[in-house]
Amino acid sequence: MFDSLVWQHTLFIYIAASNLELCMLVLNSKVARRKNMLRNLVKQYSSYRAIYLAASRLNSNEAKIQMINVPRRDSQELTEISDDKMLNSSVHSKPFAEVEKQADNTKALPSEFSEFVDDLGPPLPVAFNLAAYVNRSETLQTLVRLGVDLSEIEKNHERAKYILNLDFEKHVKGHIQFLHDNGINADNMGHLFTKNPFIFKESIEDLEVRLNYLHSKKFTSEAIVRIITANPFFLSLVTKNVDTRLGFFQKQFILTGDDVRYLVTKCPKLLTYRKIFTMKEEFGFSGNEMKKLLLMKPKIWMLGRVQLKERFNVVHNIMGISHETILKFPEVFTRREFILKQRHLYLVHLDRAQYDPEQPLYISLHDLATLSDSEFCEKKCAKTSVTAFYEFLKTL
(Lines give C-alpha, C1' and ligand atoms only; values in the text may rest on other atoms or scores of the structure.)
Protein backbone atom coordinates (compact mmCIF):
# COMPACT_ATOMS: atom_id res chain seq x y z
CA MET A 1 0.00 0.00 0.00
CA PHE A 2 1.53 3.24 -1.09
CA ASP A 3 1.66 6.24 1.17
CA SER A 4 -0.59 9.20 0.21
CA LEU A 5 2.51 11.35 -0.25
CA VAL A 6 3.65 9.00 -3.00
CA TRP A 7 0.46 9.50 -4.94
CA GLN A 8 0.47 13.25 -4.40
CA HIS A 9 3.89 13.19 -6.00
CA THR A 10 2.58 10.98 -8.81
CA LEU A 11 -0.27 13.42 -9.46
CA PHE A 12 2.27 16.26 -9.39
CA ILE A 13 4.25 14.60 -12.18
CA TYR A 14 1.06 13.84 -14.09
CA ILE A 15 0.05 17.52 -14.05
CA ALA A 16 3.54 18.78 -14.93
CA ALA A 17 3.93 16.36 -17.86
CA SER A 18 3.37 18.06 -21.18
CA ASN A 19 3.12 14.98 -23.35
CA LEU A 20 0.15 12.70 -23.87
CA GLU A 21 2.24 9.55 -23.75
CA LEU A 22 3.16 9.94 -20.08
CA CYS A 23 -0.44 10.74 -19.21
CA MET A 24 -1.53 7.51 -20.86
CA LEU A 25 1.14 5.57 -18.96
CA VAL A 26 -0.22 6.83 -15.67
CA LEU A 27 -3.85 6.12 -16.54
CA ASN A 28 -3.12 2.72 -18.13
CA SER A 29 -1.07 1.42 -15.22
CA LYS A 30 -1.55 -2.26 -14.58
CA VAL A 31 -1.82 -1.66 -10.88
CA ALA A 32 -5.57 -1.27 -10.41
CA ARG A 33 -5.22 0.05 -6.90
CA ARG A 34 -2.82 2.75 -7.98
CA LYS A 35 -5.15 3.68 -10.82
CA ASN A 36 -8.15 4.10 -8.52
CA MET A 37 -6.17 6.11 -5.99
CA LEU A 38 -4.81 8.34 -8.71
CA ARG A 39 -8.29 8.99 -10.11
CA ASN A 40 -9.53 9.91 -6.63
CA LEU A 41 -6.69 12.39 -6.27
CA VAL A 42 -7.51 13.85 -9.66
CA LYS A 43 -11.10 14.37 -8.54
CA GLN A 44 -9.93 15.89 -5.24
CA TYR A 45 -7.81 18.48 -7.02
CA SER A 46 -10.10 19.03 -10.00
CA SER A 47 -10.15 22.81 -9.77
CA TYR A 48 -9.04 24.07 -13.14
CA ARG A 49 -7.58 27.23 -11.70
CA ALA A 50 -5.49 25.31 -9.12
CA ILE A 51 -4.14 22.96 -11.80
CA TYR A 52 -3.30 25.87 -14.08
CA LEU A 53 -1.47 27.77 -11.35
CA ALA A 54 0.49 24.67 -10.31
CA ALA A 55 1.60 23.92 -13.84
CA SER A 56 2.51 27.55 -14.51
CA ARG A 57 4.67 27.83 -11.40
CA LEU A 58 6.43 24.56 -12.18
CA ASN A 59 7.21 25.61 -15.73
CA SER A 60 8.71 28.87 -14.42
CA ASN A 61 11.12 27.00 -12.16
CA GLU A 62 13.65 25.08 -14.30
CA ALA A 63 15.36 23.51 -11.33
CA LYS A 64 12.17 21.84 -10.13
CA ILE A 65 11.26 20.67 -13.59
CA GLN A 66 14.65 19.07 -14.04
CA MET A 67 14.29 17.18 -10.78
CA ILE A 68 11.12 15.50 -12.01
CA ASN A 69 12.18 15.08 -15.62
CA VAL A 70 11.67 11.43 -16.38
CA PRO A 71 13.37 9.91 -19.47
CA ARG A 72 10.87 8.92 -22.11
CA ARG A 73 11.07 5.32 -23.23
CA ASP A 74 8.51 3.22 -25.00
CA SER A 75 8.56 0.57 -22.30
CA GLN A 76 8.60 2.93 -19.35
CA GLU A 77 6.87 1.46 -16.31
CA LEU A 78 5.12 3.34 -13.58
CA THR A 79 7.53 1.82 -11.04
CA GLU A 80 10.35 3.90 -12.49
CA ILE A 81 8.52 7.05 -11.47
CA SER A 82 8.27 5.98 -7.84
CA ASP A 83 11.98 6.12 -7.16
CA ASP A 84 12.76 6.37 -3.43
CA LYS A 85 15.32 9.12 -3.89
CA MET A 86 12.88 11.21 -5.83
CA LEU A 87 10.12 10.68 -3.29
CA ASN A 88 12.35 11.65 -0.38
CA SER A 89 13.14 15.03 -1.93
CA SER A 90 11.83 17.88 0.21
CA VAL A 91 11.04 19.90 -2.90
CA HIS A 92 8.08 17.65 -3.66
CA SER A 93 6.88 17.00 -0.13
CA LYS A 94 4.09 19.54 -0.62
CA PRO A 95 3.53 19.93 -4.35
CA PHE A 96 0.47 22.22 -3.89
CA ALA A 97 1.93 24.39 -1.12
CA GLU A 98 2.23 27.44 -3.36
CA VAL A 99 -1.29 26.99 -4.65
CA GLU A 100 -2.62 26.82 -1.09
CA LYS A 101 -0.66 29.96 -0.20
CA GLN A 102 -2.18 31.72 -3.19
CA ALA A 103 -5.66 30.61 -2.06
CA ASP A 104 -5.02 32.01 1.43
CA ASN A 105 -4.03 35.36 -0.04
CA THR A 106 -7.37 35.59 -1.90
CA LYS A 107 -9.33 35.47 1.34
CA ALA A 108 -8.37 39.01 2.29
CA LEU A 109 -9.80 40.77 -0.76
CA PRO A 110 -10.64 44.47 -0.49
CA SER A 111 -14.32 45.40 -0.09
CA GLU A 112 -14.25 47.33 -3.37
CA PHE A 113 -13.34 44.14 -5.22
CA SER A 114 -16.15 42.24 -3.48
CA GLU A 115 -18.69 44.87 -4.49
CA PHE A 116 -17.36 44.77 -8.04
CA VAL A 117 -17.79 41.00 -8.15
CA ASP A 118 -21.38 41.35 -6.89
CA ASP A 119 -22.15 43.71 -9.75
CA LEU A 120 -20.88 41.13 -12.22
CA GLY A 121 -23.82 38.85 -11.42
CA PRO A 122 -26.33 38.07 -14.15
CA PRO A 123 -29.43 40.27 -14.49
CA LEU A 124 -32.55 39.18 -12.68
CA PRO A 125 -34.72 36.79 -14.67
CA VAL A 126 -38.38 37.41 -15.37
CA ALA A 127 -40.13 37.27 -11.98
CA PHE A 128 -43.74 36.72 -11.01
CA ASN A 129 -43.73 39.55 -8.45
CA LEU A 130 -42.11 42.93 -7.89
CA ALA A 131 -40.54 41.87 -4.60
CA ALA A 132 -37.65 40.28 -6.52
CA TYR A 133 -36.60 43.71 -7.82
CA VAL A 134 -36.88 45.78 -4.64
CA ASN A 135 -33.23 45.38 -3.57
CA ARG A 136 -32.03 46.79 -6.89
CA SER A 137 -34.58 49.57 -7.39
CA GLU A 138 -34.48 52.83 -5.45
CA THR A 139 -37.91 53.67 -6.83
CA LEU A 140 -39.50 50.49 -5.46
CA GLN A 141 -37.76 50.93 -2.11
CA THR A 142 -39.17 54.45 -1.75
CA LEU A 143 -42.67 53.38 -2.77
CA VAL A 144 -42.62 50.53 -0.25
CA ARG A 145 -41.60 52.94 2.51
CA LEU A 146 -44.56 55.13 1.56
CA GLY A 147 -46.89 52.17 1.99
CA VAL A 148 -47.47 51.22 -1.65
CA ASP A 149 -48.87 47.71 -2.02
CA LEU A 150 -46.72 46.13 -4.73
CA SER A 151 -48.81 42.96 -4.68
CA GLU A 152 -51.79 45.03 -5.83
CA ILE A 153 -49.85 46.76 -8.60
CA GLU A 154 -48.38 43.54 -9.99
CA LYS A 155 -51.87 42.15 -10.63
CA ASN A 156 -51.83 44.29 -13.76
CA HIS A 157 -48.91 43.56 -16.08
CA GLU A 158 -48.87 47.03 -17.63
CA ARG A 159 -48.78 48.79 -14.26
CA ALA A 160 -45.99 46.53 -12.97
CA LYS A 161 -43.92 47.06 -16.12
CA TYR A 162 -44.41 50.82 -15.90
CA ILE A 163 -43.34 51.01 -12.25
CA LEU A 164 -40.17 48.99 -12.93
CA ASN A 165 -39.05 51.43 -15.62
CA LEU A 166 -39.42 54.55 -13.45
CA ASP A 167 -36.35 56.52 -12.44
CA PHE A 168 -36.72 57.92 -8.91
CA GLU A 169 -35.00 61.28 -9.49
CA LYS A 170 -36.58 61.87 -12.87
CA HIS A 171 -40.14 60.54 -12.51
CA VAL A 172 -41.04 60.07 -8.85
CA LYS A 173 -39.31 62.54 -6.56
CA GLY A 174 -41.00 65.65 -7.97
CA HIS A 175 -44.51 64.15 -7.67
CA ILE A 176 -43.93 63.17 -4.05
CA GLN A 177 -42.75 66.68 -3.23
CA PHE A 178 -45.70 68.24 -5.08
CA LEU A 179 -48.28 66.15 -3.23
CA HIS A 180 -46.60 66.80 0.11
CA ASP A 181 -46.64 70.55 -0.53
CA ASN A 182 -50.39 70.33 -1.18
CA GLY A 183 -51.25 68.60 2.09
CA ILE A 184 -51.11 64.90 1.14
CA ASN A 185 -49.40 62.93 3.90
CA ALA A 186 -47.24 59.86 3.39
CA ASP A 187 -49.96 57.36 4.38
CA ASN A 188 -52.35 58.73 1.78
CA MET A 189 -49.61 58.74 -0.86
CA GLY A 190 -49.19 54.99 -0.47
CA HIS A 191 -52.89 54.41 -1.17
CA LEU A 192 -52.87 56.90 -4.04
CA PHE A 193 -49.86 55.37 -5.82
CA THR A 194 -51.20 51.85 -5.30
CA LYS A 195 -54.49 52.66 -7.01
CA ASN A 196 -53.10 54.97 -9.67
CA PRO A 197 -49.38 54.44 -10.39
CA PHE A 198 -49.87 56.15 -13.76
CA ILE A 199 -50.06 59.48 -11.97
CA PHE A 200 -46.30 59.68 -12.59
CA LYS A 201 -47.10 60.09 -16.28
CA GLU A 202 -48.70 63.45 -15.54
CA SER A 203 -46.44 66.47 -15.58
CA ILE A 204 -46.19 68.69 -12.51
CA GLU A 205 -47.56 71.59 -14.57
CA ASP A 206 -50.74 69.64 -15.43
CA LEU A 207 -51.21 68.65 -11.79
CA GLU A 208 -50.96 72.28 -10.75
CA VAL A 209 -53.58 73.28 -13.33
CA ARG A 210 -56.05 70.68 -11.99
CA LEU A 211 -55.60 71.76 -8.39
CA ASN A 212 -55.89 75.42 -9.39
CA TYR A 213 -59.21 74.57 -11.05
CA LEU A 214 -60.60 73.25 -7.76
CA HIS A 215 -59.35 76.34 -5.95
CA SER A 216 -61.07 78.52 -8.55
CA LYS A 217 -64.35 76.67 -7.83
CA LYS A 218 -63.93 77.62 -4.13
CA PHE A 219 -63.10 74.15 -2.83
CA THR A 220 -61.31 74.36 0.50
CA SER A 221 -57.85 72.89 0.99
CA GLU A 222 -59.32 70.17 3.22
CA ALA A 223 -61.90 69.30 0.55
CA ILE A 224 -59.19 69.10 -2.13
CA VAL A 225 -57.11 66.74 0.01
CA ARG A 226 -60.15 64.51 0.50
CA ILE A 227 -60.96 64.51 -3.22
CA ILE A 228 -57.41 63.50 -4.16
CA THR A 229 -57.09 60.76 -1.52
CA ALA A 230 -60.63 59.34 -1.92
CA ASN A 231 -60.38 59.33 -5.71
CA PRO A 232 -56.76 58.58 -6.73
CA PHE A 233 -57.68 58.96 -10.41
CA PHE A 234 -58.83 62.56 -10.09
CA LEU A 235 -55.41 64.04 -10.86
CA SER A 236 -55.31 61.99 -14.07
CA LEU A 237 -58.49 63.66 -15.38
CA VAL A 238 -58.27 66.47 -17.88
CA THR A 239 -59.64 69.70 -16.40
CA LYS A 240 -62.08 70.18 -19.27
CA ASN A 241 -63.67 66.78 -18.60
CA VAL A 242 -64.00 67.53 -14.88
CA ASP A 243 -65.73 70.81 -15.64
CA THR A 244 -68.11 69.06 -18.06
CA ARG A 245 -69.14 66.46 -15.48
CA LEU A 246 -69.68 68.99 -12.74
CA GLY A 247 -71.81 71.01 -15.15
CA PHE A 248 -73.86 67.91 -15.94
CA PHE A 249 -74.68 67.28 -12.29
CA GLN A 250 -75.51 70.89 -11.66
CA LYS A 251 -77.86 71.09 -14.64
CA GLN A 252 -79.42 67.62 -14.36
CA PHE A 253 -80.28 67.88 -10.67
CA ILE A 254 -80.61 71.66 -10.40
CA LEU A 255 -77.79 71.98 -7.87
CA THR A 256 -76.34 75.14 -6.40
CA GLY A 257 -72.61 75.76 -6.20
CA ASP A 258 -72.59 74.66 -2.56
CA ASP A 259 -74.50 71.50 -3.54
CA VAL A 260 -71.89 70.65 -6.17
CA ARG A 261 -69.01 71.20 -3.76
CA TYR A 262 -70.75 69.10 -1.11
CA LEU A 263 -71.48 66.31 -3.58
CA VAL A 264 -67.95 66.11 -5.00
CA THR A 265 -66.36 66.27 -1.55
CA LYS A 266 -68.65 63.55 -0.19
CA CYS A 267 -68.26 61.20 -3.15
CA PRO A 268 -65.29 62.19 -5.35
CA LYS A 269 -65.52 58.97 -7.36
CA LEU A 270 -68.61 60.32 -9.12
CA LEU A 271 -66.27 62.40 -11.27
CA THR A 272 -64.64 59.32 -12.77
CA TYR A 273 -67.61 56.95 -12.79
CA ARG A 274 -69.07 56.70 -16.28
CA LYS A 275 -72.29 54.77 -15.59
CA ILE A 276 -74.44 57.65 -14.40
CA PHE A 277 -78.03 56.48 -14.17
CA THR A 278 -81.10 58.70 -14.08
CA MET A 279 -84.22 57.36 -12.39
CA LYS A 280 -86.79 59.90 -13.47
CA GLU A 281 -88.45 57.96 -16.31
CA GLU A 282 -88.17 54.36 -15.07
CA PHE A 283 -88.56 54.74 -11.32
CA GLY A 284 -90.92 57.69 -11.26
CA PHE A 285 -88.87 59.95 -9.00
CA SER A 286 -89.36 63.68 -9.42
CA GLY A 287 -86.51 66.10 -9.94
CA ASN A 288 -86.46 67.15 -6.29
CA GLU A 289 -86.58 63.52 -5.11
CA MET A 290 -83.67 62.61 -7.36
CA LYS A 291 -81.73 65.58 -6.02
CA LYS A 292 -82.31 64.43 -2.44
CA LEU A 293 -81.22 60.89 -3.26
CA LEU A 294 -78.09 62.17 -4.97
CA LEU A 295 -77.05 64.36 -2.06
CA MET A 296 -77.95 61.77 0.59
CA LYS A 297 -76.52 58.69 -1.12
CA PRO A 298 -74.44 59.58 -4.21
CA LYS A 299 -73.15 55.99 -4.41
CA ILE A 300 -76.54 55.02 -5.85
CA TRP A 301 -75.50 56.67 -9.12
CA MET A 302 -72.44 54.44 -9.25
CA LEU A 303 -74.50 51.23 -9.37
CA GLY A 304 -75.14 49.38 -12.58
CA ARG A 305 -78.47 49.86 -14.31
CA VAL A 306 -79.57 46.22 -13.84
CA GLN A 307 -78.55 46.16 -10.17
CA LEU A 308 -80.48 49.30 -9.39
CA LYS A 309 -83.60 48.09 -11.18
CA GLU A 310 -83.56 44.76 -9.30
CA ARG A 311 -83.21 46.44 -5.92
CA PHE A 312 -85.90 49.00 -6.68
CA ASN A 313 -88.24 46.20 -7.76
CA VAL A 314 -87.80 44.37 -4.44
CA VAL A 315 -88.15 47.48 -2.29
CA HIS A 316 -90.97 49.21 -4.14
CA ASN A 317 -92.97 46.42 -5.77
CA ILE A 318 -92.48 43.38 -3.50
CA MET A 319 -92.09 45.10 -0.14
CA GLY A 320 -94.48 47.91 -1.03
CA ILE A 321 -92.26 50.77 0.12
CA SER A 322 -93.30 54.21 -1.16
CA HIS A 323 -91.05 56.80 -2.75
CA GLU A 324 -91.32 59.00 0.32
CA THR A 325 -90.09 56.21 2.61
CA ILE A 326 -87.27 55.32 0.23
CA LEU A 327 -86.09 58.93 0.40
CA LYS A 328 -85.78 58.54 4.18
CA PHE A 329 -83.78 55.30 3.88
CA PRO A 330 -81.83 55.42 0.60
CA GLU A 331 -79.37 52.86 2.01
CA VAL A 332 -81.78 50.12 0.93
CA PHE A 333 -80.27 50.52 -2.54
CA THR A 334 -76.80 49.67 -1.21
CA ARG A 335 -77.79 46.13 -0.17
CA ARG A 336 -77.88 43.25 -2.62
CA GLU A 337 -81.27 42.41 -4.05
CA PHE A 338 -81.40 38.74 -2.92
CA ILE A 339 -80.54 39.66 0.70
CA LEU A 340 -83.35 42.21 0.86
CA LYS A 341 -85.77 39.67 -0.61
CA GLN A 342 -84.71 36.84 1.73
CA ARG A 343 -85.09 38.97 4.85
CA HIS A 344 -88.44 40.36 3.76
CA LEU A 345 -89.83 36.87 3.05
CA TYR A 346 -88.63 35.66 6.45
CA LEU A 347 -90.40 38.55 8.16
CA VAL A 348 -93.54 37.71 6.15
CA HIS A 349 -93.20 34.11 7.37
CA LEU A 350 -93.02 35.38 10.96
CA ASP A 351 -95.85 37.87 10.34
CA ARG A 352 -93.50 40.73 11.24
CA ALA A 353 -93.14 42.46 7.85
CA GLN A 354 -94.38 45.82 9.09
CA TYR A 355 -92.54 48.89 7.75
CA ASP A 356 -94.91 51.66 8.83
CA PRO A 357 -93.42 53.63 11.74
CA GLU A 358 -96.95 54.52 12.92
CA GLN A 359 -97.88 50.86 13.50
CA PRO A 360 -96.70 48.42 16.22
CA LEU A 361 -93.85 45.95 15.57
CA TYR A 362 -92.27 48.47 13.22
CA ILE A 363 -89.23 47.24 11.26
CA SER A 364 -86.79 49.92 10.17
CA LEU A 365 -85.58 49.77 6.57
CA HIS A 366 -82.22 50.94 7.82
CA ASP A 367 -81.93 47.87 10.05
CA LEU A 368 -83.19 45.59 7.29
CA ALA A 369 -80.49 46.78 4.89
CA THR A 370 -77.46 47.36 7.11
CA LEU A 371 -77.46 44.78 9.93
CA SER A 372 -75.64 41.46 9.90
CA ASP A 373 -77.64 38.21 9.93
CA SER A 374 -77.17 37.68 13.67
CA GLU A 375 -78.22 41.23 14.53
CA PHE A 376 -81.17 41.07 12.14
CA CYS A 377 -82.43 37.82 13.65
CA GLU A 378 -81.66 38.01 17.36
CA LYS A 379 -81.64 41.68 18.31
CA LYS A 380 -83.55 44.02 16.04
CA CYS A 381 -86.00 42.53 13.57
CA ALA A 382 -86.92 38.82 13.49
CA LYS A 383 -86.38 38.01 17.20
CA THR A 384 -85.39 34.43 16.34
CA SER A 385 -82.16 32.46 16.13
CA VAL A 386 -79.86 32.64 13.14
CA THR A 387 -80.22 28.87 12.77
CA ALA A 388 -83.96 29.18 12.28
CA PHE A 389 -83.39 31.86 9.63
CA TYR A 390 -80.94 29.66 7.72
CA GLU A 391 -83.34 26.71 7.89
CA PHE A 392 -86.03 28.91 6.37
CA LEU A 393 -83.75 29.91 3.53
CA LYS A 394 -83.44 26.23 2.55
CA THR A 395 -87.17 26.20 1.78
CA LEU A 396 -86.97 29.00 -0.76
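These questions and answers walk through a predicted model of a protein chain.

Visitor: How many helices and strands does the secondary structure of the protein chain come to?
Guide: The protein chain has 396 residues. Its secondary structure comes to 26 helices and zero strands.

Visitor: What percentage of the contacts with a separation of 6 or more comes from residues 24 or more positions apart?
Guide: Start with burial: 39% of the residues in the protein chain are buried. Now take the contacts with a separation of 6 or more. Residues 24 or more positions apart account for a share of 67%.

Visitor: Are α10 and α13 roughly parallel or roughly antiparallel to each other?
Guide: Helix α10 spans residues 138-145, and helix α13 spans residues 168-181. Their axes come within 10 Å and cross at roughly 20°. Angles under 35 degrees count as roughly parallel. Therefore α10 and α13 are roughly parallel.

Visitor: Is the crossing of α10 and α13 left-handed or right-handed?
Guide: In this pair, E138, T139 and T142 of α10 meet F168, V172 and I176 of α13. By class, the contact has three nonpolar, two polar and one charged residues. The crossing of α10 and α13 is left-handed.

Visitor: Why do the buried residues of α26 line one face of the helix?
Guide: Helix α26 covers residues 386-393, and V386, F389 and F392 are buried there. Look down the axis of α26: the buried residues line one face because they fall within an arc of 120°.

Visitor: Which helices do the buried residues of α26 pack against?
Guide: The buried residues in question are V386, F389 and F392. Their packing partners are α23 (337-349) and α25 (373-380).

Terms used:
Residues numbered from 1 in each chain as written. Predicted model: local features only at pLDDT ≥ 70, side-chain atom pairs only at ≥ 80, totals over all residues. Heavy atoms only, no water. Axes fitted to C-alpha atoms, helices over the stretch in contact; angles between N-to-C directions. Helix = DSSP H or I, 4+ residues; strand = E, 2+ residues; numbered from the N terminus. Parallel < 35°, antiparallel > 145°, perpendicular 65-115°, else oblique. Left-handed = near helix turned anticlockwise from the far one by under 90°. Contact = heavy atoms within 4.5 Å. Nonpolar A, V, L, I, M, F, W, Y, C, P; charged D, E, K, R; others polar. Buried < 20%, exposed > 50% of the residue type's maximum accessible area, 1.4 Å probe, protein only. Arc of directions from axis to C-beta.
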